[in-house]
Amino acid sequence: MAEVLLGIETSCDETSAAVLVGGGRNATPHPELASLIILSQDIHKVFGGVVPELASRAHLAALPAVVERARAEAGVSWSAVDAVAVTQGPGLVGALLVGVVYGKALAYAGGRRLIGVNHLEGHLFAPAVEDPELAPPFVALLVSGGHTLLLDVPAWGRYRLLGQTRDDAAGEAFDKVATLLELGYPGGPAIEKLAAQGDPKRFTFPRPMRDDGLEFSFSGLKTAVLHAVRASANLEADRASLARGFQDAVLDVLVTKLERAVEVTGRCVAVLGGGVACSHALAALAAQRLANLPNRARVAVASPRLNADNAAMIARAGWWRLAQGEVSDWTLDARADLPLPGLETGVPTPPHPTPHSPVS
C-alpha cells in the first residue's frame, strides 16, 4: 500500500501544500510528487515588501482551500494520508504558526505522524524532488531574501557551515535595489528581466569580499547602487544598465564563493537553492565556471517553482526525516530562528591541495 505524505509551507508569503506518494512504511524509495499548490500573496507588492501581519492573515484564510486542492489534485482520500510535514522555521513566526497549528490538527485528527521541517533543509532537498539520483556529498549555496550561506553536505542531516552573509541576504539586496530602480516587489525577477537589456560596461560596481574567504556582504554594494541612482542624470535611460551592473556584481560574488567552496571541499556537485536560485543567469554562470574547475563540478538546481518557497521541498525533507524514524510530538511549535539540524561549523580540510581559480 502506498504511503502518502502531505506537506505544508507558510514561512513567509507563499501558502503552499503538496502531496508525495511512495512505497510502504518500511520502504524508502524515491517518492513521486503527486500535487503542488502555491498561492502567492500579491498584497505585499503595494508595500514593497512582506508585511508580517498581512501574511499571517492571508495564510489563515487560504490554507484550508490550498490543502484541500492539493489533496484533490493528488487523487488521494484523507484516509490514505499517512503523515503531515510542516515548516517549523525559520521564517515569520505568525505565518509559521498558521501552518504548524493547522498541520498539527490534521495529524491529530487523523492519527497521522507529524514531522516539523526546517525551511532551509527543505531548500536543500528541493532538487531531489525532481532528481532521484541526487545525494550527498555536495556543497550547497542557499540564497534567498532571508539567507545567504554556503554549506558542505557530507550526508543528509549533516551540514557544515562554510560561510554566510555578515549583513544583508542576497535576495534582500535584490529587493532593495529593485525599489531604488522603481521596479516593484519582488525584485529578483524584475532585475533579471531588465538586466538582459542593459550594457554590462556602463556601470561597474564593487564585488564585496569576493577575493577572500567564504563569507558574504552586500550592504556596501547596495549603497554603491544608491549613489549611482542619485548621480544619474537620466534614470529612465540608465535603469537597465544599473540593473545589469548590480546583477553582475552579485552573481560574480556568489559564484566565486561557490567555486572556492568546491575547491576547499573537493566536492564534484554544487546545489543551488532558495528564491535567488530561480535566476537563470545565476545557474548559467555557476554551471559555466564550475565546469572549468579541475574536477569539472556540476550544478544541481531545481526548477523555479521548487526553488521558491513551496511545500514539495518541505514534504521531501519530511519524508527523509520520517524514514529515519523521527516523529514530532504535539508540543511542536513555530520558531522564527530555528537552527538547521545537524549544523556544524568549520571549514573542512581539502582531500588534496587545490589552488584558487582566477577570479574575473
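View 1. The model is predicted: local features need pLDDT of at least 70 and side-chain atom pairs pLDDT 80 or more, while totals for chains, interfaces and linings use all residues. Residues are numbered from 1 along each chain as its sequence is written, and side-chain values use heavy atoms, without hydrogens and water. Of the 19 lining residues, Leu120, Gly146, His147, Leu149 and Gln164 are the closest to the centre of this pocket. A pocket is an open set of points on a 1 Å grid over the protein atoms alone where a 1.4 Å probe fits, with protein on both sides within 12 Å along at least five of seven lines; lining residues have an atom within 4 Å of a point. Strands E7 (148-155) and E8 (158-164) each supply at least two lining residues; strands (at least two residues) and helices (at least four) are DSSP runs numbered from the N terminus.

**View 2. The largest pocket has a volume of about 1200 Å³.** Gly145, Asp175, Tyr185, Pro186 and Gly275 are the closest to its centre among the 45 lining residues. Elements that each supply at least two residues of this lining include strand E3 (32-40), H3 and helix H4 (170-180).

**View 3. Helix H3 (residues 119-130) is largely enclosed by the rest of the structure, because 11 of its 12 residues are buried.** Buried means under 20% relative accessible area (1.4 Å probe, protein chains only). The buried residues include His119, Glu121, His123 and Phe125. At the start of H3, a side-chain oxygen of Asn118 lies within 2.8 Å of the backbone nitrogen of Leu120.

Note on methods:
Buried < 20%, exposed > 50% of the residue type's maximum accessible area, 1.4 Å probe, protein only. Polar contact = N/O pair within 3.5 Å; in protein donor to acceptor, adjacent residues only side chain to side chain. Points joined across faces, edges and corners; volume = space filled by probe spheres on them.
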